[in-house]
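Here are some notes to read alongside the model, written as numbered points. Please keep the structure open while going through them.

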Amino acid sequence: MADEPADTMRGRGSDSRVRLWILLDANRGVLVVAMAAVLFAVLVVLGTLDATPLRATMRGTDPTDTVFQALITSIITGVTLVVTINQLVLSAELGPLGTQRSRMSSSMGFRADTDDLFGDVSPPDPAAFLSALVATSADRAETLRERTLSSDDPELRNAVEEYTDNLVDHARTVTDQLDGVEFGTYDVLEAALNYNYSWKIFRVRQIRHDHMDDLSDEQRQAFDDLIRVLTFFGPAREHFKTLYFRWELVDLSRAMIYTSIPALGVSIVSLLFLDASSFPGATLGVDNVLLIVCLGVTAAVVPFLVLVAYILRIATIAKRTLAIGPFILRESERSGGSGD
């Protein structure tokens with residue numbers, strides 16, 4: 001049998017801490033600023049090391065005109081992309097009355113099922129809802145342990161004891177992570193991704209199958225109750241993941257629009273007014289015109305950096321949650337190294 005996977009998505013994966021911070025944990029605005037700073041520094045260094053000074057080159061062919069013309073076209077294309085993204089997001093919200101009623105019925109049906117599971121009205125807040133599911137799974141695991149303590153099969157008792165200890169400890173950690181977090185931030189989804197429900201469903205089904213002949217009706221019911229609550233976590237996480245993606249895409253659209261306007265302005269001004277005679281002198285040994293051109297190019301590229309920063313996180317989350325239920329796609333998961 002494979003070992004219990006780590007209790008965090010970082011621990012279950014093979015990615016380095018820095019890479020995961022860039023892909024998932026970092027504030028998207030901070031990441032954009034960091035990428036812009038690196039780009040600006042690289043451009044300045046390369047421009048300084050170039051044997052032919054930029055100012056001298058601008059007196060002849062003036063490559064800045066070509067660069068900023070291309071950037072203006074790219075920025076306008078980016079704005080068009082923003083409109084397309086907004087249409088994609090809004091298309092899921094638009095529809096005839098019958099479609100909206102069907103969506104409402106499905107949502108209320110799931111709510112009714114979880115109300116029955118909790119024995120109370122399920123929380124409306126996503127973080128509280130997921131926390132209640134995780135806490136309920138811990139309660140059902142404890143019930144399973146209590147009902148198997150009287151079993152004459154020591155292997156069953158040991159397997160359930162080990163499984164329950166891991167699940168309860170993990171559930172406590174995840175509920176602490178969900179406490180007080182607000183939907184719209186990555187914190188909610190991060191805690192949900194940390195709870196490797198796929199592995200937990202697989203393992204409890206495996207224990208039940210291995211000892212099926214030795215189980216009483218009461219014990220079988222305890223296994224079924226635990227599996228039931230774990231299977232609720234999957235669609236709930238996928239639903240909130242979908243809502244988070246829409247939230248992120250809206251934020252992406254707004255951020256690209258906010259950055260596209262000044263980027264377009266900088267590009268147009270540079271194209272119209274910047275020439276070899278502009279900004280004479282040097283700063284810290286670097287020609288001022290080189291600094292201004294590098295700064296203008298960096299500002300014009302910011303909308304693209306915003307797109308990269310948001311898509312990196314969305315794509316990473318999507319890849320790590322391709323399967324729903326007890327399906328384990330990556331080799332590291334099958335060997336106990338993961339299990340989102």
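1. Phe110, Phe118, Phe129, Phe232 and Phe240 are joined into a cluster by ring pairs, where rings of Phe, Tyr and Trp (its six-membered ring) pair if their centres lie within 6.5 Å, and planes under 30 degrees apart count as stacked, over 60 as edge-to-face and the rest as tilted.

2. This is a predicted model, in which local features need pLDDT of at least 70 and side-chain atom pairs count only at pLDDT 80 or more, while totals for chains, interfaces and linings use all residues. Residues are numbered from 1 along each chain as its sequence is written, and side-chain values use heavy atoms, with hydrogens and water left out.

3. Over the whole structure, a search finds seven aromatic pairs. In one of them, the ring centres of Tyr197 and Phe233 are 5.6 Å apart with planes at 55°, so the pair is tilted. This pair links distant parts of the chain, since Tyr197 belongs to helix H10 (residues 197–210) and Phe233 to helix H11, 36 residues apart; helices here are DSSP runs (H or I, at least four residues), numbered from the N terminus.

4. Ser137, in helix H7 (residues 126–148), is buried at a relative accessible area of 1%, where buried means under 20%, exposed over 50% and partly exposed in between (1.4 Å probe, protein chains only). Its side chain makes a polar contact of 2.7 Å with that of Tyr195, that is, a pair of N or O atoms within 3.5 Å, of which, within protein, one must be able to donate a hydrogen and the other to accept it, and residues adjacent in sequence count only if both atoms are side-chain atoms.

Technical notes
Helix = DSSP H or I, 4+ residues; strand = E, 2+ residues; numbered from the N terminus.
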